[in-house]
Amino acid sequence: MKPSANLSLDLDNKWAYLRAAGRSDWESCGSYFDAVIPRIVETLGELGLPLTIFVVGRDLESANDVTAIGQFKSMPRFEFANHSYNHLPWLHTMDAAEIEQEINATSAAIKAKLGMVPVGFRGPGFSCPPEVLRVLVNQRFVYDASLFPTSIAPIARTVFLMRSDLRGEQREKAAKLYGGWKSVLQPNRPYRREVDDCQLWELPVTVMPGTRTPIHFSYFTFLAGFSTLAAKAYFRNAIMLCRLTRTPPSILLHPPDFMGREDDADMAYFPAMKISRGAKMDIVTWALKRLAESFDVKCMIEHVHELDQGE
């Protein structure tokens, strides 16, 4: 019997990436959902893999995007979860009322437009201050998936800021993006949080056991841009160490993981966007197959139910 893992997608649209990069025209940019979502659905469908999709509420204002997101419903096993309304990666700078609005408005939009009540949340930029957790337990969420317990959080933040054009207040707000060195001390496996006398499952984005370096697919494809052989060896090692340490991997995808350099020139700044679409799809499919061979891959809510039964 294979140990469990879970697979999720942060469904961040083009506007979210361009705003994070400091582009002043981010509101007028187009959506890439029509192009990329069918690739994700087809790839995972061929592999028989389920998916938890973290949806940004703002994208549900567009009828075209709602239709595109609705394609995930063709998957036998899927789950829509909450990724905030405006994808502001600095929830830690917002007051409680603003945080509550970000979460509640997104849940209402997912229910109205996609027909599902979300029970999971991930903060944009892995931002999840205590005020977020209080809203989650008050609204009866089952799990949070915002922790990113990596050893390279400050490095990742520095690289992001170097690549972006953020200025002034927004740059100051991004100063704690991805957390600090203390991120490495956070758990790397699911656990129960105690929040105001309530309990909430935490499913961290898994990092390499031991080194605590990232193993999510944006990092993996970034390595593949330098050496496919090195990237494959890195991912194989991650899978092996997760099994040896009994760490159930929570693997994270993003839409650009299914896009190549020919797809969108505006996204050229994003890691691994210099790889051709065909080459990236090949390496992503290879890694997903390795994951499925070693683990019983589940949606996050399925994984949580299993964890509940195991206690």
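Helix axes here are lines fitted to C-alpha atoms over the stretch in contact, and angles run from 0 to 180 degrees between N-to-C directions. The model is predicted, so local features need pLDDT of at least 70 and side-chain atom pairs count only at pLDDT 80 or more, while totals for chains, interfaces and linings use all residues. Residues are numbered from 1 along each chain as its sequence is written, and side-chain values use heavy atoms, leaving out hydrogens and water.

**Exercise 1.** Work out how H8 and H10 pack.

*Solution.*
- Step 1: find helix H8 (residues 217-224) and helix H10 (residues 277-294); their angle is about 125 degrees, and the axes lie 11 Å apart. Helices (H or I, at least four residues) and strands (E, at least two) are DSSP runs, numbered from the N terminus.
- Step 2: classify the angle. Under 35 degrees is roughly parallel, over 145 roughly antiparallel, 65 to 115 roughly perpendicular and the rest oblique, so this pair is oblique.
- Step 3: list the contact (heavy atoms within 4.5 Å). H8 brings Phe 217, Phe 220, Thr 221 and Ala 224, and among the H10 partners are Ile 283 and Trp 286.

**Exercise 2.** Is strand E2 buried or exposed, and which strands does E2 pair with?

*Solution.*
- Step 1: check burial (buried is under 20% relative accessible area, exposed over 50%, partly exposed in between, with a 1.4 Å probe and protein chains only). Five of the five residues in E2 (residues 51-55) are buried, so the rest of the structure largely encloses this strand.
- Step 2: look at the pairing, which takes at least two DSSP bridges. E2 runs parallel to E1 (residues 4-11), with four bridges, and parallel to E3 (residues 78-82), with five.
- Step 3: pick out partners: Thr 52 bridges to Ser 8, and Leu 51 sits opposite Phe 78.
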